[in-house]
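Subject: Structure for you to look at

Dear colleague,

Please find below the structure I promised to hand over.

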Amino acid sequence: MRQPAAAALFAGLDDLAVLRCLGRSGYRRAADVLMAVQEAAQDLALLGGSAREWLAAPLAAVQQRLQPTMMRMAATRASIAATPAVLGTHFGDRYEADEALDTLRHVCRSLEDALRGQDNARATWLALTQVLGDLPGPGSARTAARCTTTAEQLEEVTQRALALRTAASPLAPRAAERLEFLAELAPECRDRFTATGGILRDAKLLGNVPLIVATAAEAVVTETAAGLSVQHQGVEIGPVLPTADGRWATADGAQIYESPEGAVTGLVRGHR
């Protein structure tokens with residue numbers, strides 16, 4: 001079909017296929033794409049004649065799946081927004097970490113055609129693809145040491161992604177959005193690997209990661225200017241404060257943890 005709305009619909013569905021892993025930036029991007037898909041579907045539904053008859057069934061299927069997905073997406077975004085930014089940064093499991101790296105690679109590859117004819121930007125893009133190719137394969141977040149190594153590699157990815165954004169001449173809107181997403185996703189992945197390494201190191205002291213997360217979830221945690229305020233069973237049990245070297249400590253400094261979840265868990269266990 002030559003209808004602009006049809007092109008927008010297929011482009012949106014293609015963009016959604018890129019979003020294999022959703023952190024904070026991914027949820028923002030997915031929400032924007034879903035809105036564009038919804039608007040395109042509504043425009044197509046207004047067509048008359050045989051086109052309307054031909055499109056009725058597939059558009060109904062799209063709308064049927066779109067509405068509940070957008071509702072769940074909105075609820076998840078609200079939950080993320082209500083959580084202190086330093087909590088829940090780690091990956092939920094090793095597969096999510098692998099999918100995050102796959103998403104980075106996929107988004108980067110999708111920019112190849114858009115950069116044709118831009119020699120400087122293409123050279124930067126080629127350097128970025130090489131660095132992405134050096135990232136680990138399956139099991140990238142299996143151990144704390146591997147998380148740290150991957151986070152260090154992702155720092156270089158971040159710098160090259162930002163350099164690509166600077167080097168590229170104005171792109172078509174869709175390619176520009178993907179480039180912006182790449183520049184947001186790279187540092188987010190770096191931070192998530194760093195956070196995952198921290199909570200894995202705390203697991204040696206506090207038990208496995210799911211247990212740490214479940215225990216920390218018992219507390220009401222709010223962000224303050226100094227760090228985190230922690231309440232358990234309606235009682236303020238003390239702040240959790242960041243240290244100069246990126247770790248987390250109780251107010252008296254008696255115990256140092258690698259992750260905020262570990263520090264909150266330590267306070268909760270001491271209060272039980």
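**Salt bridges and the sheet**

In this predicted model, the side chains of Glu155 and Arg190 meet in a salt bridge, with N and O 2.7 Å apart (a salt bridge is a side-chain nitrogen of Lys or Arg within 4 Å of a carboxyl oxygen of Asp or Glu). This pair links distant parts of the chain, since Glu155 lies in helix H6 and Arg190 in helix H7, 35 residues apart (helices are DSSP runs of H or I with at least four residues, strands runs of E with at least two, numbered from the N terminus).

Glu96 and Arg192 also meet in a salt bridge, at 2.9 Å from N to O; Glu96 lies in helix H4 and Arg192 in helix H7, so the pair ties together parts that are 96 residues apart in sequence. Arg192 is buried, with a relative accessible area of 8% (buried means under 20%, exposed over 50%, partly exposed in between, with a 1.4 Å probe and protein chains only).

Turning to the strands, five of them form an open sheet in the order E1-E2-E3-E4-E5, with antiparallel pairing (two strands pair if DSSP finds at least two bridges between them). Strands E1 and E5 stand at the edges, each with a single partner strand, so one side of each is left without a neighbour in the sheet.

Residues are numbered from 1 along each chain as its sequence is written, and side-chain values use heavy atoms, leaving out hydrogens and water. Local features need pLDDT of at least 70 and side-chain atom pairs count only at pLDDT 80 or more, whereas totals for chains, interfaces and linings use all residues.

Best wishes
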